[in-house]
Amino acid sequence: MSGVSITALIKKMNLRLLNNQINTDKIKLIHPDINRPALQLSGFYDHFDNERVQIIGHVEYAYISQMDPQLRVEMYEKLLSSKIPCIVYSSSMEPDETFLEIATGYGVPVMVSEKATSVLMAEIIRWLNVELAPTISIHGVLVDVYGEGVLIMGESGIGKSEAALELIKRGHRLVSDDVVEIRRVSDDTLVGSAPGITRHFIELRGIGIIDVKTLFGVESVKDTQSIDMVIKLEDWSKDKEYDRLGLEEQYTEFLGNKVVCHQIPIRPGRNLAIIVESAAVNHRQKKMGYNAARELYKRVQQNLAKRNDED
């Protein structure tokens, strides 16, 4: 895990750095959680999470203010020498000059945020969970169809980009073409995005590169999207049996998370955009509790039972 720089944290959370002489590009955060060092201020360092962002809120600030000056300096030394990545003061509170001098001596960035402590904590944790999440890159196209993140996969040249372009023309949004970066942000959620260099571009064989954002407007693109289902395109084979009812869900796995997967055979005359739209709406309907395949199966069973009763 490469980590996230303190510089990125400062920019994202709009923090004010008090000791500008420290190079925050070289200091990396490798843990997504934060720590409020209330116990450490009282001298208890067992199980101290010194790799986390340290946040000073009203409680810690009030405790520091009432400490004996000599004890306060000793506490500063012990806390700031414990190899913490940084300290953030919330609610526009600021440290005294002694704290800032000691922090600068140990190379610890000290920042100030205007946000309240609880809000600041929640935002940092949420952002770091995404930035530090396990990541893989796969070949495919990710589109937002009616709010459902649909990852279209298949062999090169099978028509993934063309299907995405048709979906964009029908009012849906492109997230990434060709390469999709997938992050596992929780046990239930995968988030896909595009590499910065190819963001908002589509490659169409025979035409070249298309800038979707410029051609179709800002409403046609999206930076990130949760991956709700996968559609795998493959050449039609008359020797293969394809699922015609959809009673049992098929899944594929990324980074340990399972995602619903449909294998769609391709042959001339099949409108891929409409198929993807229908799959997305059907998946959304299933999440809301209605399964068309099971409803049909139920009707068939009821009809058979009715005939048996008549016989």
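The legends below describe close-up views of a predicted model. Local features are given where pLDDT is at least 70, side-chain atom pairs count only at pLDDT 80 or more, and totals for chains, interfaces and linings use all residues. Residues are numbered from 1 along each chain as its sequence is written, and side-chain values use heavy atoms, with hydrogens and water left out.

**View A. Surroundings of Gly147.** Gly147 sits in the loop between strand E9 (141-145) and strand E10 (148-154), strands being DSSP runs of at least two residues, and helices (H or I) of at least four, numbered from the N terminus. With a relative accessibility of 45%, Gly147 is partly exposed, a class between buried (under 20% relative accessible area) and exposed (over 50%), for a 1.4 Å probe and protein chains only. Beyond its neighbours within four places in sequence, Gly147 contacts Gln225 and Asp228, where contact means heavy atoms within 4.5 Å.

**View B. The aromatic pair of Tyr61 and Tyr89.** The structure holds four aromatic pairs, meaning rings of Phe, Tyr and Trp (its six-membered ring) with centres within 6.5 Å, called stacked for planes under 30 degrees apart, edge-to-face over 60 and tilted for the rest. The rings of Tyr61 and Tyr89 have centres 6.3 Å apart and planes at 85 degrees, so this pair is edge-to-face. Because Tyr61 belongs to helix H3 (residues 58-65) and Tyr89 to strand E6 (residues 87-89), the pair ties together parts 28 residues apart in sequence. Tyr61 is partly exposed at 31%, whereas Tyr89 is buried at 2%.

**View C. Lys258 over the face of Tyr251.** Lys258 lies 4.8 Å from the ring centre of Tyr251; a charge sits over a ring if NZ of Lys or CZ of Arg is within 6 Å of the ring centre and within 35 degrees of the ring normal.
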